[in-house]
Amino acid sequence: MSSAACIFCKIIKGEIPSMKLFENDTVFAFLDIGPLSKGHSLVIPKYHGAKLADIPDDQLTDILPTLKKLITATGATDYNILQNNGTIAHQQVHHVHFHMIPKPNETEGLG
Ligand code: 5GP
Ligand code: ZN
């Protein structure tokens, strides 16, 4: 299930370019276009839904293992996993996404 108007569905289909990091049957991972730190990446279910409760359980099982892959690949030792649902909760793109935001020590910055 995808939404024709959704930018993340377009990224999954390759209609909008992205820096892809990982993909399998149910998930897609790519670099955030406006990184808060070096390696800031997003993991999304391929199933289109705006909020976490809209996604069937069987479409979510690879999300956490994929986040772990990104953590390992970036070498992040400290990091935030963030997931916003709804405009009031600061969600800007209405396709479920999990942020993986490395927290470098202060001397590393954006590099
Ligand atoms: P939200 O505030 O919805 O949790 O976060 C949306 C995130 O998507 C933001 O960090 C923003 O930089 C990222 N984003 C928005 N549009 C694009 C895009 O076209 N490509 C990529 N790679 N990231 C995007
Ligand atoms: Zn979508």
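Student: In which segment is Ala 5 found?

Tutor: This is a predicted model, and the answer follows from the assigned elements. Helix H1 covers 7-13. Ala 5 is found in the segment before H1.

Student: Is Ala 5 buried or exposed?

Tutor: Ala 5 has 9 other C-beta atoms within 10 Å. A residue counts as exposed at 12 or fewer, so Ala 5 is exposed.

Student: Where does His 97 lie, and is His 97 buried or exposed?

Tutor: UniProt, in an unreviewed entry, places the feature "active site" at His 97. His 97 lies in the loop between strand E4 (79-82) and E5. The cut-off for a buried residue is 20 or more C-beta atoms; His 97 has 23 others within 10 Å, so His 97 is buried.

Student: Which residues of the largest nonpolar core touch the most other members?

Tutor: This core has 18 residues. Among the elements that give two or more residues to the core are strand E2 (27-31) and strand E3 (41-45). The residues that touch the most other members are Ala 29, Val 43 and Ile 44.

Student: Which of Phe 8, Leu 42, Val 43 and Ile 44 does His 97 touch?

Tutor: Residues up to four places away in sequence are not counted here. From the side of Val 43, the contacts include His 97, along with Phe 98 and Met 100. His 97 touches Phe 8, Leu 42, Val 43 and Ile 44.

Student: Which residues come nearest to ligand 1?

Tutor: The shell around ligand 1 has six nonpolar, six polar and one charged residues. Of the 13 residues around ligand 1, those that come nearest are Ile 33, Gly 34, Asn 84, Gln 92 and Val 93.

How values were computed. Residues are numbered from 1 along each chain as its sequence is written. Chains are lettered from A and ligands numbered from 1 in the order in which they are written. This is a predicted model: local features need pLDDT of at least 70, side-chain atom pairs count only at pLDDT 80 or more; totals for chains, interfaces and linings use all residues. A nonpolar core is a set of buried Ala, Val, Leu, Ile, Met, Phe, Trp, Tyr and Cys residues joined through C-beta atoms within 7 Å. Helices (H or I, at least four residues) and strands (E, at least two) are DSSP runs, numbered from the N terminus. Two residues are in contact if their C-beta atoms, placed from the backbone, lie within 7 Å. A residue is near a molecule or strand if its C-beta atom, placed from the backbone, lies within 6 Å of it. Ala, Val, Leu, Ile, Met, Phe, Trp, Tyr, Cys and Pro count as nonpolar, Asp, Glu, Lys and Arg as charged, and the others, Gly among them, as polar. UniProt positions are given in the numbering used here, feature names are shortened, and annotations may be inferred rather than shown by experiment.
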